[in-house]
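Subject: A structure to look through

Dear colleague,

I am handing over a structure that I would like you to read alongside these notes. Please keep it open while you go through them.

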Amino acid sequence: MTSLVCTSGSNVGTRTLPYPSFSSYMKARQPVLLRTARSLTANPSDAEDLLQTALTKTYVAWERIEDHRALDGYVRRALLNTRTSQWRKRKVDEFACDELPEPEDVPAGDPAEQQALHDAMWRAIMKLPARQRAMVVLRYYEDLSEAQTAEVLGVSVGTVKSAVSRALGKLREDPELEPVR
């Protein structure tokens with residue numbers, strides 16, 4: 001990941017890194033940054049290459065980076081910019097054809113079954129305690145984030161996570177929802 005540079009003088013043959021702080025930063029933060037890179041690509045090998053490129057750009061700019069406490073943000077921005085550049089440069093092959101491919105017909109569900117499922121789900125949700133019910137409705141029906149749900153209800157994010165987890169466990173065990181599983 002980093003290039004080694006020979007030193008001059010009495011240390012002939014000894015190799016040292018020009019930026020030891022970069023080396024220690026890279027070793028400490030590489031797993032976290034690799035997870036970020038993996039979230040940007042579908043292929044783990046591409047994620048490793050992406051991280052290598054971003055770390056190379058960071059290494060080149062090491063002396064210009066004023067606040068080394070913000071290195072994660074700098075590397076994440078380099079990851080994102082590199083991935084965006086790769087995406088823009090990718091070659092897309094398009095072929096003209098005589099006939100348009102038709103999507104396979106997906107059988108539409110029976111409206112009566114869908115309504116029965118909807119009703120069963122609401123009955124199961126109504127069995128939940130009021131606080132859990134409110135959290136499930138806000139998270140999954142209103143599509144709020146955990147933080148937004150916590151803010152609306154005036155509780156911590158951890159409370160939302162644990163209560164929603166318990167509520168989903170109860171919904172999984174509800175016998176009325178057995179046909180869905």
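Predicted model: local features only at pLDDT ≥ 70, side-chain atom pairs only at ≥ 80, totals over all residues.

Residues are numbered from 1 along each chain as its sequence is written, and side-chain values use heavy atoms, with hydrogens and water left out.

Helices here are DSSP runs (H or I, at least four residues), numbered from the N terminus. The axes of α4 (residues 111-127) and α5 (residues 130-141) come within 8 Å and cross at roughly 140 degrees, which makes α4 oblique to α5; axes are lines fitted to C-alpha atoms over the stretch in contact, with angles from 0 to 180 degrees between N-to-C directions. Angles under 35 degrees count as roughly parallel, over 145 as roughly antiparallel, 65 to 115 as roughly perpendicular and the rest as oblique. M121, W122, I125 and M126 of α4 make the contact with R133, V136, V137 and Y141 of α5, where contact means heavy atoms within 4.5 Å.

In the loop between α5 and α6 (146-153) lies D143, which has a positive phi of about 60 degrees although it is not a glycine. D143 is exposed, with a relative accessible area of 65% (buried is under 20%, exposed over 50%, partly exposed in between, with a 1.4 Å probe and protein chains only).

The axes of α6 and α7 (residues 157-173) come within 8 Å and cross at roughly 105 degrees, so α6 is roughly perpendicular to α7.

Best wishes

Notes
Helix = DSSP H or I, 4+ residues; strand = E, 2+ residues; numbered from the N terminus.
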